[in-house]
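Dear colleague,

My notes on what was found follow below it.

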Amino acid sequence: TDYFYGNGAGGAIFGSSVALSYNGSIKFRGNCAKDGGAISGNKIVLFANNEIEFSENQADVWGGAICVTGEVELNDNGSLIFCDNYSSYEGGAIYGYHAIKVALNNNGCVRFTGNTADEGGGAVYCGNITVNDNGRVEFVENFVKASGKHTSYNRLVLSCGSSGFFVPHSIQKFAVTIFPQFGHSQINLSS
């Protein structure tokens, strides 16, 4: 198990291109930074790892666990867990507003639990997100502290078979906030 624990300014990893592949268990715990409490970069790829956990990370502005400006691909991992991450602005777990692509595909389990943002996207704040062909997908008790003013959707694709679910998010609090880019709106939910 590789641990990134309690790092200060800069979080655990900052780089233009970040790739973590073919590892056993990777845990990012208690990291903090201005943007991307655990990881910040233009391109982030987490591929074919056994388990990846982001817990109790925090960002002063964007992305409690991850802040990406280009694309993030979290694909083909055994499990992908975002738990109790916090952003004082947007994206409790993942911030990718200007991101070209946010993809969480072909993972064994994807879980967003107890993540919080003050302004938008308790779990995820982005322009486009695709969540396809995963085993179990859970968005549970993710919160936005603000009044829920950010509710525009651009493109949300969730395809999680028969074992995906969204549970308690209080009124006016949204797990995923997606903003329009280029004037198009689309939400696809499938099983």
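Val 140 lies in strand β17, which covers residues 136-140, and please keep in mind while reading that the model is predicted. With a relative accessible area of 15%, Val 140 falls under the 20% cut-off and therefore counts as buried. Although Val 140 and Asn 115 are 25 residues apart in sequence, their C-alpha atoms are 8.7 Å apart in space.

As for the chain as a whole, it has 22 strands and zero helices, and of its 191 residues 52% count as buried. Among the contacts with a separation of 6 or more, 83% are between residues 24 or more positions apart. The chain exposes about 8,000 Å², and 50% of this area is supplied by carbon and sulfur atoms.

In soluble globular proteins, nonpolar side chains tend to be buried together. Here the largest nonpolar core has 32 residues, and those that touch the most other members are Ile 39, Phe 54, Ile 66, Leu 74, Phe 82, Leu 104 and Phe 112. Strand β8, residues 66-75, gives the most to this core, with four residues.

Phe 82 deserves a moment of your time. Leaving aside neighbours within four places in sequence, Phe 82 is in contact with several residues, including Phe 54, Ala 65, Ile 66, Leu 74, Phe 112 and Asn 115.

Turning to the aromatic rings, the count comes to seven aromatic pairs. One of them joins Tyr 22 and Phe 47 in an edge-to-face arrangement, with 5.7 Å from centre to centre and 85° between the planes. This pair links distant parts of the chain, since Tyr 22 sits in the loop between β2 (13-21) and β3 (25-29) while Phe 47 belongs to strand β5 (residues 39-47), 25 residues apart. Tyr 22 is exposed, with a relative accessible area of 64%, whereas Phe 47, at 28%, counts as partly exposed.

Phe 54 and Phe 82 form another aromatic pair, this one stacked, with 4.8 Å from centre to centre and 5° between the planes. That pair, too, links distant parts of the chain, with Phe 54 in strand β6 (residues 51-55) and Phe 82 in strand β9 (residues 79-83), 28 residues apart. Both Phe 54 and Phe 82 are buried, and together with Phe 28, Phe 112 and Phe 139 they form one aromatic cluster.

With best wishes

Terms used:
Residues numbered from 1 in each chain as written. Predicted model: local features only at pLDDT ≥ 70, side-chain atom pairs only at ≥ 80, totals over all residues. Heavy atoms only, no water. Helix = DSSP H or I, 4+ residues; strand = E, 2+ residues; numbered from the N terminus. Buried < 20%, exposed > 50% of the residue type's maximum accessible area, 1.4 Å probe, protein only. Core = buried A, V, L, I, M, F, W, Y, C linked by side-chain atoms within 4.5 Å. Contact = heavy atoms within 4.5 Å. Phe/Tyr/Trp six-rings, centres within 6.5 Å; stacked < 30°, edge-to-face > 60°. Areas by Shrake-Rupley, 256 points an atom, 1.4 Å probe, with all protein chains shown as cover.
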